[in-house]
Amino acid sequence: MTRLLTRSFLRFILRAPFSSVSVFLGVLLGVASVTGVHLLGAQVNASLDGLRPPHLERVTHVATRQDLDVHHYAELARRLQEGSLAGVVRLAPLMEGTLADGTRVVATDWLGGGAVGIAAGVRADVEVDLQAAVVRGFDGRAEVCEPLQVSGRTIPVIGTLPASELTDDAPTLFVDLGLGTSLLGVDQPLQAVLLEARSPTQQLADGLELLMPGMSAGLSPPALPLGDGWQVHDVQTELAGFGLARAVLFNVGALGSLSLLVAVLLMYQTCVIWLRRQRDILARLMDIGVPRAALAAGFLCALLLLGGLATAAGLLAGQGLAQALLAQLAVPTASALALTATVVIKALASGVLVCLFGGVVAWYFEWRPRHRRVRGAAWFTALAIAAASGWLLSRTDGLIGVFAVILLVAGLVCWMSLPLLDTGRRFTERLRGSLLVRLALREATWYSGDLALAVAALALALGVSIGVGLMVDSFRREFVAMLDTRLQADLYVTADTSVADAADWLAGQPGVRRVALYGDAEVRVEGQPVSVGYGAFDAAEARRYGYPRALAANEVLASERALQALQRSVGDVATVGGVPLTIVGSFPGFGDAGLRLLLSVDGAARLGFAIDYRRIGIAADDPSSLASALAARHPTWTITNQQIMRGTAIRVFDQTFLITEALTALAMIVAAVALFNALGGMRLNQQATSELLDVLGLNRVERLTIDFTRATTVGTVALLLALPLGLWLGWVLCSEVNPRAFGWRIDLTLAPAAFVTPLVSGAVAVLLAGVLGVPGERRGRLA
Amino acid sequence: MIRGGCLLLLALLCGCSPPPPASLESSSLRLGALLQEGAAAQPFERAETVRAFRFPEDHGAHPTFRSEWWYVTANLSAADGRAFGVQFTIFRQALAPEPATPPNNPWASQQVYLAHFAISDVAAGEHTEAEWLSRAHPALAGVNGTPPVVRVGGWQLTFTESGFDVAATHADIAVELRFEAAKPVVAQGEGGLSRKSPGNASYYYSFPRLTVQGTLRSQNEAHLVTGLAWFDHEWSTSVLSDAQTGWDWFALHLHDGRDLMAFRLRRADGARDPFDHGVVVAADGAHTGLTHEDFTLTPVRWWADESGVRWPVTWHLDTGSERLVIHAAFDDQRMQTLISYWEGAVWISNEEGERLGEGYMELTGYAP
């Protein structure tokens, strides 16, 4: 019987081509969005895995302590051996240092730590040698199997890792401790102990990561207490750029799910309309003894068949979307993005979810006993959800908590569409004026059940578009402001060797107004890797970072990320290399993945750093000529015109947010389809009235007036919901998501420009959906 | 500093090349080749001529040879009669023929230690194993002192005037045992030179019977235990030839006071290996070597593990004058470690089923 009923429902669906096509399109776009984002994320994750430094392969935590030495490590190892370190399965000591020529050496125990130290970046056909190195950042100077000359030693190379923006620029050797101590000196202390821990939380994070790349960034890292004296950090402190990239993926993934959510609403809305139209037939079938369950099964099977086709198309469209986004971002991909089993299963699950959820809920509400609505309870529930969201927001510190709140509030907005339309209905009952306008208004609000979720879908898409737009606009303003303050030099030079000798020559060149030398050092502060930049921090230099006067030797500026990671505020003291420094200011450091401190050259000397300038900022009247002269004199130096750098940075910024624009546009399209479908259905419901009005002499302009007024009413209700949602979302993204994901806060700017695109596109969607006629409408073929 | 990658996703994607090749799991140690080294091992010292053992010095490490192991197997019983088997092994492997520990840089040692520790709880039918790998370092692992202490992390074997002590703890298993030699040391093979294949030999001596007492913890339950043990110490630079795929080794303590060791080297071509040998130590300590012509070892019952690997768990040992039936105390006593093998407690009977003794069995080269 189910087969017969399925055929029957399918026939009905096929005879309602426009609503069927809109459902097909909704599922297709929802699945495409989810699939596209997944593939994009998987590509990024694959790249991240390729960039992961070998010594951190499979490492989950990093432990440090005051005056860490081999005996502390041995004690920890003994505890692991005895089985008294719960959850830890592997550990290895870490030693870091920099050679005189600037080469960084990262040494771990390639023996005791098993494969911890060497798993990545090693060619499978090359036998590992404890006297050899995996290298990064030697720019073609190191090839696998070709020995490398470092500090007068010949070191075989058994693996190379690509340098990237996410990793340190310095040439780096990853070696065994034996070779490491030979290079750095036997007195070099251990810096940390690397640990691989397995816990249910970790397994959950791994599973979620498989399900949605970047998802693990939403979870707070599991704690790993080692006992007195030990400080344990999540490995993300060593892989700051990776954590940020995963947080981006998490945000993009969440945004990618928006279309799917809107598609669920579209499916529900359409099912409600379909069931309403089939209600008499279904009731008659039940009267003659067809079980309700069989009818429901037939209905759902028909939906699944339609949804299955749409899912398959969505899968391919998602692949195309990901490919297009990557191409738009000028990202070279090694090959076509693979539709792995995970992707296919996820797409299928998404499609089934849309069909089943929309279908089952619509079926349930269509056949359940009708109760009188209690308006007071609705508003009370809304208030309760809002309060619960606020509480959740204040009690959680991970990204998942924020997104749970966003989901709650989005659900609340969807749900509020119904009472809002009902309120509109009561309002329109008391209206006077033009009959046609009153008729249109009444139609828009009278059948709230038919329209509510389409309005909710539009409000959701519009609200997210406004919120994301506000955040991006605010972020862009701050980013550009940061560029303007920071990029004050005309030329910027970086080199692998000391640049100090060039300072006098540069200062003597005509038109040169200022030469500023900078150096960097890598240190650990409370066990976390921190990049320290130093230079002559006079008042002019300090102003670039928002601090009004020159830095004293005991003063330091900290990036917002550093403040957050070290749990400090401006005015607090941070101890660096045993020397207490007062944090006198902070700076945003957008894009700087790691933790960064800035101090004067006196301060650097006070910390015992060997002053080694590798960067120069130059203010000059004729940067081009000076750049040419400098390039001729130092051909290996990298010389960048700051204005070009500024333009590049802004272009990169805009390119990156193409992804968010594309995803919100997708959601908007699905919402417009939902609305088009709902309004089309409503028009069909009103066909008898329309025909009567035609007989009474309604002309085309008057008919258009009705359509326009109806669409405007629907749009206004959607806007009433979308505006507060958008404003709230903008605030949450700036004040909660950004600090939690990236460590920086953005001041929300309510620029009118941020509203223009979403509002215009929303208005166009509403008007098109409301005013455009559907072919065949008059022939009654529309569902 | 402003890096172009403010927008991390793009920066990440733009900066990426395809991921590097697949990982190389645990290849640094090449543990699978621990016992199988060929001509490339020339710079190491080799076991080629008979030498006189000197104790306690020879209880210590011989770092000029590539490989070395100290092997303790014990059959113990608690006061309530509950039976246990204990295996405690320390392997040493030199990665390069250099002094064990350069005095000025302990991290630069080329010596690696691997320890295996297992308890077979016969009544419960549970075999629990643990392993620990460490580079040689004064704080981590190595051999020092006279009499020597062989240590890998917190697990150690401390030689004494009359035997040695073993202490090891891992999760819910632990031992603290004292071993006293009940018979003198036996030099295996030709005065301690144990030939395993043409041109390949090891230096090898054993304590064939040690009395044991101490404490043992299994399933988080502590027991006072006593029993008998066998100890081997062997070092070499090359042992097996390419034609040899593994071995079956037995150390048996018979109730009549005799101790018997025999091993069978398995060849890829299935033929009997002429280097199979063994030793019978009489109750008074006198020992007689067994050549491959003096005994046969025949598997008579097999047990298949979950991956389909078949392990011979019941054997016939024929010495001409008698046939011993060797039964695994229970079937699954696999060491699922870096090197996968079977090492566990056995009991011995005659063909009539009369119990004649206990011992240990080791089966290697069966698991891929």
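Predicted model: local features only at pLDDT ≥ 70, side-chain atom pairs only at ≥ 80, totals over all residues.
View 1. Strand S14 of chain A comprises residues 555-559, and strand S17 of chain A comprises residues 595-600. These two strands run antiparallel and are joined by two bridges.

**View 2. The open sheet of chain A that includes S14 and S17.** Nine strands make up this sheet, and their order is S15-S16-S14-S17-S13-S12-S18-S11-S19. The pairing within the sheet is mixed. Strand S15 (573-576) and strand S19 (638-641) of chain A are the edge strands, each of which pairs on one side only. From one strand to the next, the twist averages 30°.

**View 3. Helices H17 and H18 of chain A against strands of the sheet.** Helix H18, residues 642-656 of chain A, lies across S11 and S19 of chain A. H18(A) runs at about 75° to S19(A).

**View 4. The crossing of helices H12 and H21 of chain A.** Helix H12 spans residues 448-486 and helix H21 spans residues 700-742, both in chain A. Their axes come within 6 Å and cross at roughly 35°. The crossing of H12(A) and H21(A) is right-handed. In the contact of H12(A) with H21(A), 19 residues are nonpolar and five are polar, with no charged residues.

Key: Residues numbered from 1 in each chain as written. Chains lettered and ligands numbered in written order. Axes fitted to C-alpha atoms, helices over the stretch in contact; angles between N-to-C directions. Helix = DSSP H or I, 4+ residues; strand = E, 2+ residues; numbered from the N terminus. Left-handed = near helix turned anticlockwise from the far one by under 90°. Nonpolar A, V, L, I, M, F, W, Y, C, P; charged D, E, K, R; others polar. Pairing = 2+ DSSP bridges. Contact = placed C-beta atoms within 7 Å.
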